[in-house]
Amino acid sequence: MQNAEFTGRFRVRHGSWVALGRACVIALAASTYGQAQAQPQAVAPTITLPYLIGLTGGAASFGNAGKIGIELAERTINDAGGIRSMGGAKIKVELVDHQSKQDIAFSRVRDLARRSDIPLVMGALSSGATIAATESAAR
């Protein structure tokens, strides 16, 4: 079985670990943002969290496996009452496809940085896209 490892009695595919890792990152980012930005409000806002991910191109198999974990984390956080420190704010994860290409990752982060409705950008997955995204964010 390709990309699988044996852990006890169960076989775990690499994509499952990737999905679980992404779910943890989203939960941590949402809770950290909520602690830093806590303000009492009558109506809980929705926080948009862009996640830069390769849904197409060479890293698509990993990106689509990660997408499952991202959607699970979003649903779990929102179903549990959202970000409590922000009055129950819901999160909306916006999947941004970098097509597994460095130049696309660079331009996607540049475009996201121009938006005022997002507190952070997560993801990138592959090292090439991550390096390009980091360079774009630094500018």
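Of the 139 residues of the protein chain, 38% count as buried in this predicted model. As for contacts with a separation of 6 or more, 73% of them link residues 24 or more positions apart.

So much for totals; next comes the layout. The chain holds four helices and five strands. Walking along the sequence, the pattern reads β-β-α-β-α-β-α-β-α.

Three of the strands build an open sheet with the order 4-3-5 and parallel pairing. Strand 4 (90-97) and strand 5 (122-123) sit at the edges, since each pairs on one side only. In general, strands of a sheet pair through backbone hydrogen bonds, and they can do this in parallel or antiparallel fashion. Here, strand 3 (residues 46-53) runs parallel to strand 5, and two bridges join them. Tyr51 takes part in this pairing, with Met122 in strand 5 as its bridge partner.

Helices come into the picture too. Helix 2 (residues 60-79) lies across strand 3 and strand 4, and makes an angle of about 165° with strand 4. Helix 3 also lies across strand 3 and strand 4, this time running at about 145° to strand 4.

Helix 3 spans residues 102-113, and Ala113 belongs to it. Is Ala113 buried or exposed? Ala113 counts as exposed because its relative accessibility is 58%, and the cut-off for exposed is over 50%. Ser136 is 23 residues away from Ala113 along the chain, yet the C-alpha atoms of the two are separated by 8.8 Å.

Technical notes. Residues numbered from 1 in each chain as written. Predicted model: local features only at pLDDT ≥ 70, side-chain atom pairs only at ≥ 80, totals over all residues. Heavy atoms only, no water. Buried < 20%, exposed > 50% of the residue type's maximum accessible area, 1.4 Å probe, protein only. Contact = heavy atoms within 4.5 Å. Pairing = 2+ DSSP bridges. Axes fitted to C-alpha atoms, helices over the stretch in contact; angles between N-to-C directions.
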